[in-house]
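Open the model in your viewer and keep the selection panel at hand. This tour tells you what to select next and what is there.

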Amino acid sequence: MLRTLKKIASVGIVSEPMPAAEGQWRLRSEIEARILATLGRALCIRHVDAGSCNGCELEIHALTNPYYNLEGAGIKFVASPRHADMLLVTGPVSKNMVSALKRVYEATPEPKLVVAVGDCGSGRGVFCPSYAVCGRVADVIPVDVEIPGCPPSPAALLQGIAAAIAVGRS
Amino acid sequence: MDLVKLGLTAQELPGAVPARTIRVNPEQFRAVCQEALTEGGLLQALWASDERDSGSGYLLRVALQDAQGLVIVELPITNEDDGYPNLAEIFPAADRMQRAVDDLLGLKSWSGDTRPWLRHAAWPMDYFPLRKDSHPPESAAIRDEHYAFVPVRGDGVHEIAVGPVHAGTIEPGHFRFSVVGEKVLRLEERLGYTHKGIERRFQGMAVEAGQRLAARVSGDSAVAFSWAYCMAAESLSGTTPPPRALWLRALWLERERIANHLGDLGALGNDAGFGVGLAQFSRLKEDLLRANERAVGARYPMDVITPGGIATDFDDTQRRALKADISPLRAEIQVLREIYDDHAGLQDRFVGAGRVEPGLARKLGLIGLAGRASGQAWDLRTDHPHPPYDQLEVRMCGRLEGDVAARVAVRFDELNESLLLCEAILDELPIGDILAPRAAPTAGRLGLGWIEGWRGPVFVALEMTETGGIRRCHPHDPSWQNWPVLEHAIIGNIVPDFPLINKSFNLSYSGHDI
């Protein structure tokens, strides 16, 4: 126990300021302020893998490490679409995931935002054309923001999430 | 394996992978596989191809692993309806691979499970993606399918259906638990949700473009798949990458292993209720990814390996920086290991959970990291060391207990080993070219790649056409062998331990579903 506490104390707080929606690293209060102005509370995100190679999942995981202090900014990942404000969808939408993705979308309460993650999610991936994929998340459910990248970095993911909140406000 | 005893003559296959090929009839097919099992061999992969354009029907291939390397057993199949002997009677892991062959090519084993595997209800039953005369359906209606799970009946038995969308940030798959109270009687997996038609997508691609696709078979094993793919391509063109390129490939492979092990150790702590573990290990992983980005401009070096060598080099300043990071990382891991080892709550969850005894592991063909935690001592880096591993002294890490604690311990041990390897590589990194002169790959021959990724051995079989496009590429992830073993590991455990046991294997959905 003592060793655990010592480790926590010696590492300290490594969290960095949040990037601005436009790209430069600025004060984290900007994303936080947008979330508060739009939702008035924390932003709850549900991740859906619609056939990704799992590269995007690695970066979504990275987003939850202490450097990005996601929950500190009022963003959290939830276990059910019924608890979510936003869907973060990865992959080119394999045909075998189409009905599951549609059901997740339907289960998410209105108003809802959808962010398509990565080159695959935004229709620029290596897997299309193929008999087994649809090719783009927007072909299957309505999408607000597409984040390019293979995979997009955690900073790019944050910018895309912030951009979607801006869409939600307008 | 003594093939002469069976009256068969094998041909050596040129390339970096020690491999022989033999062509057999159905009777010999069974005899060779049985002999491989008797002598302690393993099933590495099973795949088939449409050879009707060259007038010889179809060809089923099986890669068997023995002490000398690989034996590629080739069984010609004249007509679709001829079928082939059910290999699952000898190697249980063959079952799902055979079902995938049926889904993609319409070739059935004589007595195996006939339920579809990769094919759900998204395209018509008469469409076989890997048949050359088969055209993709214009637009097929996507329906919810009925899948015949094996029912478990008895007093108080009920089912819990989980997935394909799971509660965490993980890939999709369906788990059907049959339970009494909290105790799991049976788990049946239903996978294939991330099937992207990668094997058909490979067809006709240029050899360089194929690397990008190979790297994305399973994103967490991008380096392993890239290297295996390039190794296969290089064996077809007779190319040997320059020494610096091979050493750099090993550096990135070991760093991929370190990154994944760090991530898994954090997640395993978290799944047992120890959030500090996740915070600390995910911080260390992020440090590693950022160092990758400084060195080659990519957090995940997915496309650093290219046919003939390496696409992105780094200078001596970066070399020294990568080297300087290793000691502090090792010290941090050591402290965290002591914290994990001394934490009664963690050990209580880890020890004895999801146990796969060595005997069962052997019978089911458990391989890779999970195999080594159950006494299956195979590691390509020590069994068949290809350059630069032949000049590095790799120590294989293993345990006999086969539980979550053993899979945690093997990850800790392998972290230390990979850090030592990275230090040695960065110290002795040869200077010089990073790319061999381009040479065209030969058609009409099989090229193999075989690399010990962080999860286990990654295998790629590649064939090219006369015009320089890919004729057939089969990428094989070790998750194919290990997913069925997870069904056994959970038996008798409680449902709430499943996430922990599942994470301790951390198998790939995408790499399996291809």
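How many residues does the contact take from chain A and from chain B? It takes 42 residues from chain A and 45 residues from chain B. Two residues are in contact if their C-beta atoms, placed from the backbone, lie within 7 Å.

Some ground rules. This is a predicted model, in which local features need pLDDT of at least 70, side-chain atom pairs count only at pLDDT 80 or more, and totals for chains, interfaces and linings use all residues. Residues are numbered from 1 along each chain as its sequence is written, and chains are lettered from A and ligands numbered from 1 in the order in which they are written.

**Stop 1: confidence.** Color by pLDDT, the predictor's confidence in each residue, from 0 to 100. Chain B has a mean pLDDT of 95, with 99% of its residues at 70 or more. For the complex, the predictor gives an ipTM of 0.93 and a pTM of 0.94.

**Stop 2: the side of chain A that touches chain B.** Select α1 (2-11), β1 (43-49), α3 (55-63) and α4 (98-107) of chain A; each supplies at least two residues of this side. Helices (H or I, at least four residues) and strands (E, at least two) are DSSP runs, numbered from the N terminus. The largest share, six residues, comes from α3(A). By class, this side has 23 nonpolar, 14 polar and five charged residues. Ala, Val, Leu, Ile, Met, Phe, Trp, Tyr, Cys and Pro count as nonpolar, Asp, Glu, Lys and Arg as charged, and the others, Gly among them, as polar.

**Stop 3: α4(A).** Select V98(A), A100(A), L101(A) and V104(A), which are buried (20 or more other C-beta atoms within 10 Å of the residue's own, placed from the backbone). Look down the helix axis: the buried residues fall within an arc of 165°, so they line one face of α4(A). The arc is that of the directions from the helix axis to the C-beta atoms. These buried residues pack against β1 and β3 (86-90) of chain A.

**Stop 4: V93(A).** Move to the loop between β3 and α4 of chain A, where V93(A) sits. V93(A) is not a glycine, yet its phi is positive, about 60°. V93(A) is buried, with 31 other C-beta atoms within 10 Å.

**Stop 5: two cis peptide bonds.** One joins C128(A) and P129(A), with omega about 5°. P129(A) lies in the loop between α5 (118-121) and β5 (145-147) of chain A. Another joins G163(B) and P164(B), with omega about 15°.

Methods. Buried ≥ 20, exposed ≤ 12 C-beta atoms within 10 Å, placed from the backbone.
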